[in-house]
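The tour goes from one selection to the next.

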Amino acid sequence: MDDVLRVSATEFKARCLAIFKDLEARRIGRVLVTRRGRPVAELTPVRTQLPTLWGAHRGSVQVMPGVDLTEPALDEPLDAAGGVLHR
C-alpha cells in the first residue's frame, strides 16, 4: 500500500471517482495532486484502525529541576497506612 499516484489537478478532476475507488480498495496508498508540477494536495484512505496509544505522549511532560518523584507527595501520613479505608 505504499504506492503513490501522482496526478495533475486536471487529471484528478476527470478521474476523481475512479481514484476514490482505488483508495477505498487499497490499490493505491496515497494520491498526490499537483498543479504545474508542484504538490497541492494529498489524499490517503481513511484509517480503519486507531493508532496505538503506547508512547503517544512521549516527551510531552517535563519534570522541573529539584523535583524528586520518589519522595512522598504529602507531609501527613495516609489514612490507609493507619488502617482507615474510608472517611
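Select Leu50: is Leu50 buried or exposed? Leu50 is exposed, with a relative accessible area of 81%; buried means under 20% relative accessible area, exposed over 50%, and partly exposed in between, with a 1.4 Å probe and protein chains only. Leu50 sits in the segment after E3.

A note on what is on screen. This is a predicted model, in which local features need pLDDT of at least 70 and side-chain atom pairs count only at pLDDT 80 or more, while totals for chains, interfaces and linings use all residues. Residues are numbered from 1 along each chain as its sequence is written, and side-chain values use heavy atoms, with hydrogens and water left out.

**The sheet**

Next, select strands E1 (4-8), E2 (30-35) and E3 (38-43). Helices (H or I, at least four residues) and strands (E, at least two) are DSSP runs, numbered from the N terminus. The three strands form an open sheet in the order E1-E2-E3, with mixed pairing; two strands pair if DSSP finds at least two bridges between them. E1 and E3 stand at the edges with a single partner strand each, so one side of each has no neighbour in the sheet. Neighbouring strands are turned by 25° against each other on average, direction ignored. Axes here are lines fitted to C-alpha atoms, for helices over the stretch in contact, and angles run from 0 to 180 degrees between N-to-C directions.

Look at E1 and E2 together: they pair in the parallel sense over five bridges. Arg6 has Leu32 as its bridge partner in E2. Now colour E1 by face. Leu5 and Val7 are on the covered face, and Val4, Arg6 and Ser8 are on the uncovered one. In a regular strand the side chains alternate between the two faces of the sheet.

Move to E2 and E3, which pair in the antiparallel sense, also over five bridges. Two bridges to show are Thr34 with Pro39 and Val31 with Leu43. The hairpin has two residues between the strands, and Arg36 takes a positive phi near 55° there. How many of the six residues of E3 are buried? The number is zero, so E3 lies largely in the open.

**The helix**

Select helix H1, residues 9-24. A straight helix of 16 residues would span 22 Å at 1.5 Å a residue, but H1 spans only 20 Å between its end C-alpha atoms; the expected span is 1.5 Å times one less than the number of residues. Centre the view on Arg15, where H1 bends by about 75°. The bend is the angle between axes fitted to the seven residues ending there and the seven starting there. After H1 comes Arg26, with a positive phi near 65°.

Show the side chains of Phe12, Ile19 and Leu23, the buried residues of H1. They pack against E1, E2 and E3, where contact means heavy atoms within 4.5 Å.

**The aromatic pair**

Last, select Phe12 and Phe20. Their ring centres are 6.1 Å apart and their planes stand at 75°, so the pair is edge-to-face. Rings of Phe, Tyr and Trp (its six-membered ring) pair if their centres lie within 6.5 Å; planes under 30 degrees apart count as stacked, over 60 as edge-to-face and the rest as tilted. Phe12 is buried at 19% relative accessible area, whereas Phe20, at 40%, counts as partly exposed.
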